[in-house]
Amino acid sequence: MKVLLVNPNRTGTDIYNIPPMHLVCIAQVVNKCGHSSEIFDVPFLRAKRLVDLLADQMVFEESMISEILEKDFDILGIGGIVSGFSFSKKLVTRCKEVNPEVPIIIGGSLGIPNVELWQDRTGIDYLVEADGDLVMEKFLAAYPDNMEKLFDIPGLWCRGEDGRFIPSAPDLPADLDYLDFPDWSLLDNLEEQLDQFTQYINNTLPAELKLAKTDRFLPILMTRGCPFRCTFCYHSSPTFRKHSIDYVIRFLKHVKVKYGITHLATWDDLIITHRKWFAELCDEIAKQDLGLTFYGAGGKPNLMRKDLVDSMKRAGFFRFSFGVESGSQEILDIMKKRATVEDNLEAVRMTARAGIYTMLNMMLGMPGENKSTLKDTSKFLVTLAKDGVINSRRAYFSYATGYPGTELYDWIVDRGFITDSEIYLKNQTGLGGYPFPLSDVTLKEMHRFKNITRLKMDFYYNRAHGYHFKAVVELIKDTAFLIAGELLPRSLRQRILEMLRERS
Ligand code: B12
């Protein structure tokens, strides 16, 4: 049998792409079971065909769907992020029209959190919860000869006689070493994928840390899942699980030799969950002197300790980001972050002072946000700027958004804001909208807060580093820009920006 695996187009205008690790994992299981697989990566093609896309996004999506449906396949698998729903729905609807016999199976955070939409508005056949690697192997053993056995596969949600999906609790092996090393050679465009990924990473780094053309970056998972339940977050894997240290070391050696990899991005939900294991792993990486460096994401600051930070630095972590979210204890509690403002401050200082480029993800506009909680957030960031550890480039602000599968999403639904979840999803790009008044603060006020806080951060950061003159000049320049931005009409602002761009 041939299994076609599609990474769907995401809503929004961002055009970056990340090598589709989720589909590589599934493709290699398919091949291991003696079948054949093909990965069709729409975000990759979108990033590549930027020019066409600017011309017309709808036309691009239509052409992708036609290309996909022209292929020969016996099973269609789709997996990705929740913002891929809209494209995926169009694809599965067309696929069922053309070839109703082909079973369609959906995995990742695109699947289970949207179960009702899939169930009531599409003809898809199966949903997969958690480790798709395990489910796919069992699925291929039973399909199509022993269809009744499909109902017994942990993590495979099948439709019952009434057409409703029947939940099936997944197997969650605590030891992840059951997984084979991801076989990246299954991507026939691997070189271009690696280039796109390096570009994406470079966009998030300051000039002094930017990667060279010869550097080769890959994403890696050393763990899966997260034990915390923050109200805005969803995890495909509901428990924290990890690989053995020996497995990770062997894998690092393998990617270095096989693909010439020089850097890895740790994409784990919360890699520092098990501190002792992670510190030992970092020490072993340092001991092996592999010459690799690491770009880490998604840390929970209050889990950090000085010895762990030192181990990470020795292992080669050059960048690490934290989900700080807010400088207000009230908001941290509402989010169920299980963290204190003081611990967060300390962890960020410690990590930045160890020489690791530290990024903070901040989220504005959670339910409960008001002028006073925003003031606390400003104080938090300005304190770090005064310490000389964080400037405005290192704080990434986003606005609270409820994604299906989260407590925040249910909160929004309960308030009656979402009348049609499909339309809601279509409009969630993850890029800065704030469609509902989740808090007392308006989007405009938050935007202004963000700009003023950035300005203050840079002023104090420059001063902390002894650049008194620069601090004042930049403050005057940035304030003038801000005021001009507020006073001038949008079209004129745009024109001035274009002129400045042309000149430079
Ligand atoms: C890389 C990544 C991205 C990439 C894209 C990833 C993609 N797949 O398309 C980029 C950088 C673009 C991205 C963007 C965003 N992301 Co993101 N991202 C991740 C991250 C860090 C890793 C994903 C990954 O590769 N995991 C590794 C693979 C192996 O695991 P997996 O995807 O779960 O796949 C397994 C199973 O789910 C299943 N499976 C998956 N697909 C399929 C398909 C089939 C057929 C089968 C059988 C099984 C199967 O089997 C796989 C192997 O076991 C996750 C966090 C995480 N650690 O998972 C967040 C995560 C997926 N992102 C998230 C969010 C919120 C976002 C943003 C919306 C953030 C924002 N506000 O801007 C944006 C979206 C922007 C947009 N325009 O759409 C959420 C998802 C929320 C949700 N309900 O979908 C996550 C879970 C983080 C979190 N905890 O909140 N993200």
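Author: Gladly! Please keep in mind that this is a predicted model. Let us begin with the nonpolar cores.

Reader: Which residues have the most contacts inside the largest nonpolar core?

Author: The largest nonpolar core has 67 residues. Within the largest core, the residues with the most contacts are Ile390 and Ala400.

Reader: Which helix supplies the largest share of the side of domain 1 that touches domain 2?

Author: The domain assignment gives domain 1 as 2–166 and domain 2 as 186–400. Where they meet, 15 residues of domain 1 are in contact with 11 residues of domain 2. Helix 1 (21–32) and helix 2 (42–48) each supply at least two residues of that side of domain 1. The largest share is four residues, and it comes from helix 1.

Reader: How many residues of that side of domain 1 are nonpolar?

Author: The residues of the side of domain 1 that touches domain 2 include four polar and no charged ones. The nonpolar residues there number 11.

Reader: What radius of gyration does the chain have?

Author: The C-alpha atoms fill a box of roughly 75 × 55 × 45 Å along the principal axes. For 504 residues, a compact globule would have a radius of gyration near 23 Å, so the chain's value agrees with that: 24 Å.

Terms used:
Residues numbered from 1 in each chain as written. Predicted model: local features only at pLDDT ≥ 70, side-chain atom pairs only at ≥ 80, totals over all residues. Domains from an automatic or database assignment. Contact = placed C-beta atoms within 7 Å. Nonpolar A, V, L, I, M, F, W, Y, C, P; charged D, E, K, R; others polar. Core = buried A, V, L, I, M, F, W, Y, C linked by C-beta atoms within 7 Å. Buried ≥ 20, exposed ≤ 12 C-beta atoms within 10 Å, placed from the backbone. Rg over C-alpha atoms; globule rule 2.2 N^0.38 Å.
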